[in-house]
Amino acid sequence: MKKTKYLVLTLILVSLTNVYSQNRYPFSETGKLELPSKYRLLLVQEMIQIDSAMQKLVPLMVKGESEKASETALKIHNSFILKSALSKKELKNLKSLLPNDFIKMDRYFHRSAKKLSEALKINKLSESTNIYGKMLNACIGCHSKYAHNRFPELIKNNRNKNKSN
């Protein structure tokens with residue numbers, strides 16, 4: 001019975017990944033963040049931490065390890081390397097360099113991570129998979145819009161989808 005439950009949860013997560021990975025954000029040929037190297041390196045460090053945590057979440061969720069998954073989601077929410085590594089003046093400067101849409105996407109992602117942590121804490125697995133799917137969508141949308149040099153396959157896939165529509 002437990003194996004069936006985990007299999008069903010895994011299938012739901014895979015389905016959500018497919019649904020949420022569809023092109024929901026407009027593709028931008030020029031949408032690339034041009035940041036000074038100090039900011040860019042810190043942003044990449046934060047993304048590496050987030051990527052690692054996101055990859056840990058699915059196995060924890062499908063095994064029913066809600067407490068550990070909740071802690072991991074909270075780490076994503078709290079992963080503000082930029083905020084902790086920069087002075088107030090540097091943060092203000094960085095904010096002025098970032099597009100408003102990028103800031104909105106980032107805030108949405110981190111708020112979603114907190115919601116995921118809260119849902120997992122009370123074992124709301126169905127809600128948790130939905131929030132996780134939204135987080136994936138936010139990642140794909142932001143990468144498609146602002147990091148196509150780092151993720152060329154997203155752009156290639158978006159172009160192919162747009163040609164077939």
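Met-54, Leu-57, Val-58 and Met-61 in helix 2 meet Ser-128, Thr-129, Tyr-132, Met-135 and Leu-136 in helix 7, where contact means heavy atoms within 4.5 Å. The residues of this contact divide into seven nonpolar, two polar and no charged, with Ala, Val, Leu, Ile, Met, Phe, Trp, Tyr, Cys and Pro counted as nonpolar, Asp, Glu, Lys and Arg as charged, and the others, Gly among them, as polar.

The model is a predicted one, in which local features need pLDDT of at least 70 and side-chain atom pairs count only at pLDDT 80 or more, while totals for chains, interfaces and linings use all residues. Residues are numbered from 1 along each chain as its sequence is written, and side-chain values use heavy atoms, with hydrogens and water left out.

Two packed helices are described by the angle between their axes and the distance between the axes. Helix 2 (residues 37-62) and helix 7 (residues 125-146) pack at an angle of about 160°, and their axes are 12 Å apart. That angle makes helix 2 roughly antiparallel to helix 7, a term used for angles over 145 degrees. The crossing of helix 2 past helix 7 is left-handed, which is to say that the near helix is turned anticlockwise from the far one by less than a right angle. Helices here are DSSP runs (H or I, at least four residues), numbered from the N terminus.

Three further residues can be set side by side by their relative accessible area, with buried meaning under 20%, exposed over 50% and partly exposed in between (1.4 Å probe, protein chains only).

| Residue | Relative accessible area | Class |
|---|---|---|
| His-110 | 2% | buried |
| Asn-78 | 46% | partly exposed |
| Leu-97 | 37% | partly exposed |

His-110 has its place in helix 6 (residues 100-121), and its side chain reaches the backbone oxygen of Ile-76 at 3.1 Å. Not counting residues up to four places away in sequence, His-110 touches Glu-46, Ile-50, Ile-76, His-77, Ser-79 and Phe-80. Asn-78, which lies in the loop between helix 3 (66-77) and helix 4 (81-85), is 32 residues from His-110 in sequence and 7.7 Å from it in space, C-alpha to C-alpha.

Leu-97 belongs to helix 5 (residues 88-97). When its neighbours within four places in sequence are left aside, Leu-97 is in contact with Leu-35, Pro-36 and Tyr-39. Leu-97 and Glu-34 are separated by 63 residues in sequence and by 8.2 Å in space, C-alpha to C-alpha.

Methods. Axes fitted to C-alpha atoms, helices over the stretch in contact; angles between N-to-C directions. Helix = DSSP H or I, 4+ residues; strand = E, 2+ residues; numbered from the N terminus. Parallel < 35°, antiparallel > 145°, perpendicular 65-115°, else oblique. Polar contact = N/O pair within 3.5 Å; in protein donor to acceptor, adjacent residues only side chain to side chain.
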